[in-house]
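Me: Hi! Could you walk me through this protein?

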Amino acid sequence: MAKITKLYDQPLLAAAAHTTIDLVNQGWTVRIDKSRAVLAPPSVHSNREAEKARIRSQEHLRRDEQLRKGSVRRFVESMERTHQQGDRLVSIFNLMRDGRELADALERTGASTDVIKPYVQIVDSSTCELTGFKLHDIWRYFRHTWSNAYATVPGRSMPILIRDAATDFHAVIGLAAISSPVVQIAERDHWMGWETDQFLKQVQAQPTGDMACWLAQRIHCQQSEIYVDDLLRDGILQPTDLATPTPEVIARLRTDAERHRQRHHQAGTIREVRNIERDAWVHRATTDLFRSKRSSALAEALEIATLLGTYLSPPTVEGLIKAFSDPKARTQMRRVVRRARGERVGTVIADLTVCGAVAPYNALAAGKLVGALAVSPRVLAAYREKYARPSEIASAMAGRPILREARLSFVGTTSLYGTGSSQYNRLFWPAEIMGGDSNTRMGFHELGRSRSFGTSHFSEETVDALVRLSGLRGSLVRVNSLFGEGVSPRLRKVRLGLAALGWPANELLRHGRERILYGVPLVENLRDYSLGIDREPKYLLNPELSDADTKVADWWLERWCQRRATSQNVLESMRSHRLVRPVRHGARVPLPIEDELVSFAPQHPGGDEHH
C-alpha cells in the first residue's frame, strides 16, 4: 500500500491513472500495442434504450462523485431537515407533490388548472415566502436530482422554477435555466443564416446600401470601443496612427498583445472586477488580460479599416461590390462578420442549459410545459431586465460602460441522448398563446446533431490531476477561470493536462456521444436582428404579455396532460412517489447508497408518500 501511495504521489502517474480509470469507466477500451497504450472510445449502441443506459451510466459517475462530497451532503441534509416557518414545520419535502394525491385528483376531476396551476418564478436572491428557503437553494436541490452533475456556467445564467399554485406550498413542477450559449455551433449558425461564408454569399448575391452602411458602422464601432489611453502613453501608438495606420503600427500592437498575454498567464496574482457597478472599468482594462485583448483587437480593427474601410467611405452599393472583387477586402469582411457574431452571440442568443420536470409531474409530460414556459414572455422580460446593464467584457475593453442588447432572438438547447428527445420532440405551440399571430407556430426546431466533443467523461479529480501535471511541466499557459479569459475553462484545462501527459487531446476529448440540437427562434428577422443589422426585433410573441403563464398552462393541459391523466399506467407510476416516512420519491436527491440519509418527512394530510 505504501508503494502504491508513493506512486500516486507522482503527478505523471496520478494524471495517467485518473484519466485511464475515467475512460475505462466510461466504456473506452484499452489495449497495448508495441509497449504503448491505445485507447478507443465506446461504440454507440444501435439499440435506443441500450444507448440511453450507457449515457446514463456515464453521467451517474460524475453525479455520484459530486453527491458524495461532504459539502453537497450537508446541503442536502439541511434542505431535508424541518425548520419552523410561521406556525408550521417545513422542509424541502413540502415542495414535492405526493403522487397518490395528484393521481387521485386527476381521476376525480381530470386535468385542469384546479388540479395543476403552473406559473413561472424567476430565481433571484430572494426567499420563498411559503417555505423560508432561498429560491436558489430550492433550485439547486432539485437540480441535484438530474442524471448529470450540477455545475455552474460562466457568463450569464438565469435559473427558473416552475411551481404549482394548486398546492399549499406551491410544489415544484420543474426547473430551467437560461444561460450564455456555446459560442460556435456550426449547425445552429448555419440554420440561423449567420454563418460567415453563408452570410457573405447572400450579401454578394444581393448587395444593398443598408448592408454597406452596416459594415461601415461595424468597422467604426470595433475601433471606437477600445480603450487606447495607455497605448498612447506607452508609445505603442501615436495619435495619428488611429486615422492613418501603417503595417508597423499593427505589428507593434500584436507584439504588445503577445507580451501582455504571456504576463497574464504567468502572473502570480490576478486582478478581477468583482462588482461591475462599483469597480472602475479603466482599472480592469489595464490588467494584462485586457491589455492583451485590446492590443490584439485594435490591430485587427486597424487592419480592417485599411483594407476594407476605403471601399466603404462613404458606404455605397458600388463600393460594396468593388470590395467583394478584392480578395484582401473580402477577407476583412469575413473578420467583420465573425466579430459581429461573436459580440452578439452572448447577448441575443441563449442556451437552455437546464430544462425538465420532477416527479410526479414528469409522468404527465410536464417537461414540455417547462420547455414552453422557459421561452415565454415572462422569462424574456426577466432576462432583459436582469442583463440591461454594462457588458463586463465590452466595458473592460472600452474602459467605460458599454451596454449590449439584452432582447433575446433565439434560445438553443441539446438533448441528453443522441437517440432522441421525448421532451423536445414535436414541441410546438400556436404563437397566439404567447400574444403572437394566430397563424404562426412557435417551438423547438431540430437543427442537427452536435459533435461528440467535450469533457463530460472526466471527473473533477482527473481534471485536478491534469492541471497539476501541466503546471509542474512548465506550461506557459495558465487557465485562471476568469470571465473574459476565454470560453470553456474546464476544456482548456483538460487539453493542457493531456498535452503535458503526451496523450492525444483531440482524440480523448471525443467522448463518443452525439446530442440532438434544438432551437427556438423568437423573432421573424432572426439573422438580421441577431447580427445587429436590424436594430429592432420583430417578435413572434408579445414580450409584454402578462398572462402568458396561464395560457401556456391551458395549452399544455389540453395538448399533453389530459390524455396521460386518463392512463392507468401513468397514474400508477405517479402513485409510487410518496411523502410518508421513509421518503421514497423521484424528486428527492438520490444520494449514493453508502451515503443514504434516513430522513423523516412530514405526514401528508392524505396519508400519501412522496418522493
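**A chat about the fold**

Reply: Leaving out residues up to four places away in sequence, Trp556 touches Ile116, Leu364, Ala365, Ala366, Leu369 and Cys561, where contact means heavy atoms within 4.5 Å. This is a predicted model, with local features needing pLDDT of at least 70 and side-chain atom pairs pLDDT 80 or more, while totals for chains, interfaces and linings use all residues. Residues are numbered from 1 along each chain as its sequence is written, and side-chain values use heavy atoms, without hydrogens and water.

Me: Which residues have the most contacts inside the largest nonpolar core?
Reply: They are Leu364, Trp429, Leu522 and Trp556, in a core of 96 residues. A nonpolar core is a set of buried Ala, Val, Leu, Ile, Met, Phe, Trp, Tyr and Cys residues joined through side-chain atoms within 4.5 Å. Buried means under 20% relative accessible area, exposed over 50%, and partly exposed in between (1.4 Å probe, protein chains only).

Me: And what does the second core include?
Reply: That separate core has 32 residues, among them Val90, Phe93, Trp146 and Val589.

Me: New topic: why is strand E8 largely enclosed?
Reply: Eight of the nine residues of E8 (residues 349-357) are buried, so the rest of the structure largely encloses the strand. Strands (E, at least two residues) and helices (H or I, at least four) are DSSP runs, numbered from the N terminus.

Me: Does E8 run parallel or antiparallel to E7?
Reply: Antiparallel, with six bridges joining E8 to E7 (residues 171-179). Strands pair if DSSP finds at least two bridges between them. E8 also pairs with E9 (residues 410-414), in the parallel sense, over three bridges.

Me: Which residue is the bridge partner of Asp351 in E9?
Reply: Gly412. Ser179 also stands opposite Asp351.
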